[in-house]
Amino acid sequence: MPRSDEAAAFFHAVYSAVQEIPHGRVTTYGHIATLVGTPQRPRQVGICLKHLSTDPSQRFNSDTVPWQRVINAKGQISPRSQPEGARSQAEALRTEGVEVTENAMGELFVSWDDYGWFPDTLPSEADT
């Protein structure tokens, strides 16, 4: 189903913002929502990342948008209906040098103190 112009603009803004997260750092769905001007829409950021294309011919795809760098506000890799999804996100982060810990319940976490990225504005929008 084609996206409305508003939805397409939101997806574009989210994907562009996620591309600015530095290698080896993580941020939250809510922080991305805030950076793109819609602080009330963190869940929609998650939806955008869920629907990120795997097609390399698309401008925004799972190779060009570092989706793995966005986690929930508790510092946890969000659980999914398929457990291997969270594990593959953890592995992608580990390949960037991010330490991912697992608690007794199998939940996967990243330390905000060590790896958090929370700029007030996107680097591409900062005054130069």
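**Ground rules.** I am working from a predicted model, where local features need pLDDT of at least 70, side-chain atom pairs count only at pLDDT 80 or more, and totals for chains, interfaces and linings use all residues. I number residues from 1 along each chain as its sequence is written, and side-chain values use heavy atoms, with hydrogens and water left out.

**Entry 1: α1 against α3.** Two packed helices are described by the angle between their axes and the distance between the axes. I looked up α1 and α3, and they pack at an angle of about 85° with axes 10 Å apart. Axes here are lines fitted to C-alpha atoms, for helices over the stretch in contact, and angles run from 0 to 180 degrees between N-to-C directions. The pair is therefore roughly perpendicular, the label for 65 to 115 degrees (under 35 is roughly parallel, over 145 roughly antiparallel, the rest oblique). Helices are DSSP runs of H or I, at least four residues, and strands are runs of E, at least two, numbered from the N terminus.

Who makes the contact (heavy atoms within 4.5 Å)? From α1 I listed Phe 10, Phe 11, Val 14, Tyr 15 and Val 18, and from α3 Gln 44, Val 45, Cys 48 and Leu 49. I sorted these residues into eight nonpolar, one polar and no charged. For that sort, Ala, Val, Leu, Ile, Met, Phe, Trp, Tyr, Cys and Pro count as nonpolar, Asp, Glu, Lys and Arg as charged, and the others, Gly among them, as polar.

**Entry 2: the cores.** A nonpolar core is a set of buried Ala, Val, Leu, Ile, Met, Phe, Trp, Tyr and Cys residues joined through side-chain atoms within 4.5 Å. The largest has 20 residues, and Val 14, Tyr 15, Val 18, Ile 32, Val 45 and Leu 49 have the most contacts inside it. α1 (5-18), α2 (29-35) and α3 each supply at least two residues of this core, and α1 gives the most, with six. Beyond four places in sequence, I found Val 45 in contact with Phe 10, Val 14, Tyr 29, Ile 32 and Ala 33. Another core, of eleven residues, lies apart from it and includes Ile 77, Ala 90, Val 100 and Leu 108.

Entry 3: Ile 77 is in the loop between β2 and α4, and at 2% relative accessibility it counts as buried. My cut-offs are under 20% relative accessible area for buried, over 50% for exposed and partly exposed in between (1.4 Å probe, protein chains only). Among the residues Ile 77 touches are Ala 86, Gln 89, Leu 93 and Leu 108. Gln 89 belongs to helix α4 (residues 83-95) and is buried too, with a relative accessible area of 0%. Gln 89 also touches Trp 67 and Arg 80, among others.

**Entry 4: Thr 27.** I found Thr 27 in strand β1 (residues 27-28), buried at 0% relative accessibility. Its contacts include Ile 32, Val 70, Trp 112, Trp 117 and Phe 118.

**Entry 5: Arg 59.** Is Arg 59 buried or exposed? It counts as exposed, at 59% relative accessibility, and sits in the loop between α3 (42-50) and β2 (70-71). Setting aside residues up to four places away, Arg 59 touches His 12 and Thr 64.

Definitions and conventions:
Contact = heavy atoms within 4.5 Å.
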